[in-house]
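The stops below are given in the order in which they may be selected.

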Amino acid sequence: MLCLRNVTAGYDESVVLGQVRMDIPLSRVTAVLGRNGVGKTTLMKTIIGLIRPMSGVIEWEGEDITRWPPERRARAGIGYVPQGREIFSALTVEENLLLGLEAQAENVRPQPILEEIYALFPVLKEMRQRKGGDLSGGQQQQLAIARALAGEPKLLLLDEPMEGIQPSIVELIHDVIMKIAEEKQVGIVLVEHNVELAFSCADHFYILDGGTVVAKGDVDEADLTYIQSFLAV
Ligand SMILES: Nc1ncnc2c1ncn2[C@@H]1O[C@H](COP(=O)(O)OP(=O)(O)OP(=O)(O)O)[C@@H](O)[C@H]1O
């Protein structure tokens, strides 16, 4: 479980998140929804340690990690795929994946992990010797997710993974998210502003507005009209 206890965070003097409280289980898909600019990416960066909270506590599996640097959090099992899929364009697909292995807590044999990843993403196996920059947008997104998975995270944060991707690939990314959650038992945090898309994957949700959590619950019991009121522009 990842717990945020009254986390306040932002940039220099500007507070973006105020007193955020969240409990994110490792066995489920959690959607984080909110309008543009509400602070979803800031929240992800705070969880992975790129932004140090101004106050509050972040706990990971019962341990206070608020002051841990990003690489220690990654080794402890918190994986992250940033918005805009930051892969290494000049490296091959396989080299990108091997870099992802470096997030591992200890030395591991890469081959079984690569094989598992190629089974989830067959297109990456076909293209393993191609440069990352030569892949299509959808393939790059798969590579970005696959690279994070190579670190064998227990929780994977995905920041708008379906943004700017054609509909057929959106479906594929959706299926991959479900497979990762169900077959690999990796918890997922899915940042999204399309509620239908988010709810097609998620078990439960948090809505951010005005820098804080304004609604949360199980997707099955969610009142969509109420939720949309926080997302309408
Ligand atoms: N490096 C930065 N320095 C100062 N302010 C920033 C920085 N990055 C983001 N912000 C501001 O913080 C606020 C929250 O931005 P953030 O990117 O977290 O929102 P978001 O909900 O992820 O938005 P989107 O849905 O558009 O990706 C915005 O007002 C943004 O302008």
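Select residues 137-150, which form helix α6 in this predicted model. The helix has 14 residues and reaches 20 Å from its first C-alpha to its last, close to the 20 Å expected at 1.5 Å a residue.

Is α6 enclosed or exposed? Of its 14 residues, 12 are buried, so the helix is largely enclosed by the rest of the structure. Colour the buried positions: Gln 139, Gln 140, Gln 141 and Gln 142 are among them, as are Leu 143, Ile 145, Arg 147 and Leu 149.

Following α6, select Glu 152, whose phi is positive, near 50 degrees.

Now turn to the largest nonpolar core, which has 62 residues. The largest share of this core, 7 residues, comes from α6. Ile 188 and Leu 190 have the most contacts inside the core. Centre the view on Ile 188: leaving aside residues up to four places away in sequence, Ile 188 touches Val 29, Thr 30, Leu 156, Leu 158, Ile 177, Ile 180 and Ala 181.

Two loop residues may be selected next. Glu 61 is found in the loop between β4 (55-60) and β5 (63-64). Its phi is near 50 degrees, a positive value in a residue other than glycine. Glu 61 counts as partly exposed because it has 13 C-beta neighbours inside 10 Å, where a residue with 12 or fewer would be exposed.

Gln 185 lies in the loop between α7 and β8 (187-192). Phi of Gln 185 is near 55 degrees, again a positive value in a residue other than glycine. With 10 C-beta neighbours inside 10 Å, Gln 185 counts as exposed.

Finally, select the ligand. Which residues are closest to the ligand? Tyr 11, Asn 36, Lys 40, Thr 41 and Thr 42 are the closest of the 13 residues that surround it. The elements that give two or more residues to this shell are β2 (14-24) and α1 (40-48), and the largest share, 3 residues, comes from α1. Colour the shell by class to see 3 nonpolar, 9 polar and 1 charged residues.

Methods. Residues are numbered from 1 along each chain as its sequence is written. This is a predicted model: local features need pLDDT of at least 70, side-chain atom pairs count only at pLDDT 80 or more; totals for chains, interfaces and linings use all residues. Helices (H or I, at least four residues) and strands (E, at least two) are DSSP runs, numbered from the N terminus. The expected span of a helix is 1.5 Å times one less than its number of residues. A residue is buried if 20 or more other C-beta atoms lie within 10 Å of its own, exposed if 12 or fewer, and partly exposed in between; C-beta atoms are placed from the backbone. A nonpolar core is a set of buried Ala, Val, Leu, Ile, Met, Phe, Trp, Tyr and Cys residues joined through C-beta atoms within 7 Å. Two residues are in contact if their C-beta atoms, placed from the backbone, lie within 7 Å. A residue is near a molecule or strand if its C-beta atom, placed from the backbone, lies within 6 Å of it. Ala, Val, Leu, Ile, Met, Phe, Trp, Tyr, Cys and Pro count as nonpolar, Asp, Glu, Lys and Arg as charged, and the others, Gly among them, as polar.
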